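Please open the structure in your viewer and keep the selection tool at hand. The tour goes one stop at a time, saying at each stop what to select and what is found there.

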Amino acid sequence: MTTTAMSPDTDGEFEFDDHQPQKRIELSHTICENELGMRLDKLTATVFADFSRTQLQTFIESKQLLVNDTLQKPKYRVKLGDVLHLSAVIEDHSSDFPENIAIEVVYEDDEVIVINKPAGMVVHPGAGNRTGTLVNALLYHYPDNAHIPRAGLVHRIDKDTTGLLVVARTKPTQLHLIDQLKDKSVYRHYQCICQGVPSDILRHSTIDLPIARHPTQRTKMAVRDGGKPAMTHIIKATALNDRYSLLDVTLKTGRTHQIRVHLSHLGFALVGDKVYGQPIKSGLSDECRQAIKNFTRQALHAYRLGFIHPKTREAMQFYAPLPSDMTDLIDTLMQQ
């Protein structure tokens, strides 16, 4: 039996492009004696080992994985001769190709790579950006990753967000890390520069507001009733002057543009955010105003990343200092 691993479909700063080439997979397995009585969800994790537990759960719930052409619950106990049939559409990235693009590797071993992504780099090829992406770079520097879905990517951050990403070097490691994202063993902390002062911002230290597609602007997200649950925690807020602050933020969920949407909704928009930004605050010096005007990306940086090493089970933690464009902006704002 041959299987093809499905790419991780996670949300938010970790949500992949929705417009990728697709392929259909058709896989079958007949229950034998040594599998008799096993729970469907437990067995499929072995039979269709190229997929994560979360993906298999989705296949079962969406009727893409059937038993004898019938929908069964995950706890169903399989019977001798039962036929499991998986029929699903997955993304096809065989057209991605290697490019000699420099990347900053913070750490690597035989299982994982941790990368500090610069501003302006798209993580994955998509409509309008087939080249110059992190995946193209990974395929050049790590040719063996061509055999792993999305060249080993586990999550992503937006083009103009900087900071840390973990990449898998084997398919089992990728699936293990995807499952860690689901059960919150992977954690990520961000720093951002936004409008507002700590006393106002910290009244919303836990932002628990649902997020969905904007009703009229489909490239944007918005806080909306009926959206997916989204929770952002503001750990620390430091005043840069009497109008702007530096925040330390962590995510409990990872919806599309979550930090940017939540903070903008509450009136604390990120500096430089072309999509969710707000007018520059009045009362600033000419130097501060010009520095904010010249900052042409959202001031957001993924500065800390932690996960459990899939092979050694060691708790790993990595740190990437703020990039120079953000530190320069902070220095200017503090002179107000």
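Begin by selecting α7 and α8, two helices that are roughly antiparallel to each other, because the angle between them is over 145 degrees. This is a predicted model, and in it the axes of α7 and helix α8, which covers residues 324–333, come within 9 Å and cross at roughly 160°.

Is Gln298 buried or exposed? Its relative accessibility is 4%, and because buried means under 20%, Gln298 counts as buried. The side chain of Gln298 makes a polar contact of 3.0 Å with the side chain of Thr161. Leaving aside neighbours within four places in sequence, the residues in contact with Gln298 include Asp158, Asp160, Arg260 and Leu270.

Now select His301, which lies in strand β13. With a relative accessibility of 1%, His301 also counts as buried. Which side chain is joined to that of His301 by a polar contact of 2.7 Å? The partner is Thr162, while the backbone oxygen of Pro321 is reached by the side chain of His301 at 3.1 Å.

For the next stop, turn to the nonpolar residues and select Ile103, Leu134, Leu138, Leu247 and Leu263, which have the most contacts inside the largest nonpolar core, a set of 33 residues. The elements that give two or more residues to this core include β5 (112–117), β7 (187–195), β12 (244–251), α6 (258–265) and β13 (300–308). The largest share, five residues, comes from α3, which covers residues 134–141.

Stay with Ile103 for a moment and show what it touches: apart from residues up to four places away in sequence, these are Ile115, Met121, Leu134, Ala137, Leu138, His141 and Tyr142. Finally, select Ile25, Leu27, Ile60 and Val78, which are among the 18 residues of a second, separate core.

Conventions. Residues numbered from 1 in each chain as written. Predicted model: local features only at pLDDT ≥ 70, side-chain atom pairs only at ≥ 80, totals over all residues. Heavy atoms only, no water. Core = buried A, V, L, I, M, F, W, Y, C linked by side-chain atoms within 4.5 Å. Buried < 20%, exposed > 50% of the residue type's maximum accessible area, 1.4 Å probe, protein only. Helix = DSSP H or I, 4+ residues; strand = E, 2+ residues; numbered from the N terminus. Contact = heavy atoms within 4.5 Å. Polar contact = N/O pair within 3.5 Å; in protein donor to acceptor, adjacent residues only side chain to side chain. Axes fitted to C-alpha atoms, helices over the stretch in contact; angles between N-to-C directions. Parallel < 35°, antiparallel > 145°, perpendicular 65-115°, else oblique.
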